[in-house]
Amino acid sequence: MADQKVPPRRPHATDESRSGAPYGEPTAGPPPVSRGPQWVGPEGLGRQAFHQPAGTGLPHLDDDDDDDGDGDDRDRDRVGRRRALVALGGTAAVVAGGAALAMSPQVRGLFGDDAAGDATGVTATDGTPARPSGQQPSTVRTYTEQNESYMGSRAGAALKKNSPSGGRTFSGPADAAARTPVTVRTVLAKDPVRHLAGRATFGATPKVLADIRRMGIDAWVRQQLDPEKIAPSAAELKLAELPTLKLTSQQLRDQREQLNARGAQPEREMVDGTLARQIWSERQLYEVMVDFWNDFLHVAADFDGGEAYRNSFDRDVVRKHAMGSYPDMLVAANRHPALLLYLNQNDSRADAVNENLARENLELYSVGVDGGYTEKDVRQAALLQTGRGVDDGRYVFRPERHYRGKVKILGFSHPNDSTDPKKADQVIDAYITYIALHPSTARYVARSLATRFVSDTPPKSLVDRLANIYTVNRGSVKPLLMSLFSSSEFWAAVGQKVRRPMEYLVATYRTLGVGPQAGPGFRQGDSKRTAFAQGLRQIHDKLRELGQYPMGQPTPDGYPDVYVAWTSAGTMVNGWNEAAELIAGRRTQFTYTRPEKLVAKPPPTAGAYVDALALRLVHQKLSARERTLILGVAGVSATARVDATFDGAIAAVARAILASPQHHLR
């Protein structure tokens, strides 16, 4: 994504315009007139692109500062990429990066006949003061890698001062936990079991904590690394009530009319199902990794075509490889209709090259913006990947659209001159595998993984070791996770991660013990969906209000994973209000533990009751100051005698505990 970044999202087609097209597939317009190879820019084919001075950031093109109406201006204020929705007519593509580019007359001649060419010696005529051709992108753009752009703030600098530095690997997770002192300042208890549960799941529960203590840290981690051996939970069995989850892309397209008549929205049901798994699955580490990869190799749920293809991408690409091999995942992604349509690869051909997918493969999905590639590498990768697309809902390779000729990209060199479509397609797979195993990719994945599990400012020592593990094991995920959990940096980083809005809400459902069955007060108001399906959609809609839901980022960079990107008082208060709804059991599609029953045997005095309730909800006691503040919510002293309802204040007290730093930190 360049400093002219726009999200690769077509405007949603109207029902009328879609009537003649297959379900979920954009209607094709006439091909653009071309006088040789052209590069499609963000203003459309053949138009002059907008250039802005270096250092000015991206233009904000939304109609309103507060685009979702919730009072949260986080998107407007963030440093780095910003959302800009550009509607383009005909077959003009929405493209990641760059001007409307023209290649030299010598290269245009390469496309005049069927002979293979050589793009390696060509200089694209796209030089501008802000974007000189051939330079490393990170040196000429107005942004850095997404998380780093946020951490460059004053708040980010403060966080760095409290992060542990240096470390080592031990024989296993339990050994590392036992031998690692926690020296950082934090309000969280320095309890390794609680720490592991907070990082390797979507929120500790009494059962998870008991399981880790009973099994031991090593055995619990090994169990979580083999999710296929963990039985599905009752809620996962209820996912059958979301009927589109198991349908193939072809079935979703074939059943378009029936699904529309039922009001089914496959891309939303996929998000609903993901939330159910995050809240109730016993395969918690697997779900955390699914979420990690959905941010790293991001395809938005809500893109034009997502209703037919995003379910399959979730099932056949991300979930299939989440605990397997990242190179295999990236190769599979580059053959999947969801990614090819989302990043407009279907529109790219040798005489009108769309660089969307080629750029994001380098910048976001492999080596990273600082990975050493140049604009020339992007263009050669875009030429190499021409020919890949989607036809009748399936992946196809179109040799007539494919550029043939020598390419060299980040050290990958190939004559790329075969007239055999299968061999030509295999060259692209070889290139994707090459960049997935590149040393810069190893470091980028390692840093992203350490940011997710350890700290917003992960120690260089850990990133270096994880990058080496990635390289030695050729991108296998399980060795990476075992090495991470066996590191002193992981166990020393207690309290160094803040929950994002989705993580906060999911953890609240988990710690309150909300059940997936309908409550006694439920009244069937929707004959087309079960109580479970209705309840999941309400969670989904609430998370849209909070600004984060699974696969919800419209642009290909996924959600940022650092605290300073999510600082919003409005979002926090909205989350606390939802916690109050759950404590009161108002979402009757689910079952709840009454607040006065959260503690089995409530102590008779207020102070002791707060301690017991804190242990139940946030799995540790609060500080003396926090305890006093929460007692103030009920208007009683620590020694005052109270009943199980805290003299009618139990809901307010529980909500206050769930608003504490102990619940916001993970």
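Predicted model: local features only at pLDDT ≥ 70, side-chain atom pairs only at ≥ 80, totals over all residues.
Colleague: Which residues of H14 and H23 meet?

Modeller: From H14, Leu285, Met289 and Trp293 meet Val477, Leu481 and Phe485 of H23. Sorted by class, this contact has six nonpolar residues, no polar residues and no charged residues.

Colleague: How many aromatic pairs does the structure hold, and how is one of them described?

Modeller: A search of the whole structure finds 17 aromatic pairs. Phenylalanine 292 and phenylalanine 296 form a stacked pair, with 6.0 Å from centre to centre and 25 degrees between the planes. These two residues are four apart in helix H14, and therefore about one helical turn separates them. Both phenylalanine 292 and phenylalanine 296 are buried.

Colleague: What is the arrangement of phenylalanine 485 and phenylalanine 490?

Modeller: That pair is edge-to-face, with 80 degrees between the planes and 5.1 Å from centre to centre. Phenylalanine 485 and phenylalanine 490 are both buried.

Colleague: Which residues do ring pairs link into a cluster?

Modeller: The cluster consists of Phe292, Trp293, Phe296, Tyr326 and Tyr444.

Colleague: Where does arginine 168 lie?

Modeller: Arginine 168 lies over the face of phenylalanine 170, at 4.1 Å from the ring centre.

Conventions:
Residues numbered from 1 in each chain as written. Heavy atoms only, no water. Contact = heavy atoms within 4.5 Å. Nonpolar A, V, L, I, M, F, W, Y, C, P; charged D, E, K, R; others polar. Phe/Tyr/Trp six-rings, centres within 6.5 Å; stacked < 30°, edge-to-face > 60°. Buried < 20%, exposed > 50% of the residue type's maximum accessible area, 1.4 Å probe, protein only. Lys NZ or Arg CZ within 6 Å of the ring centre and 35° of its normal.
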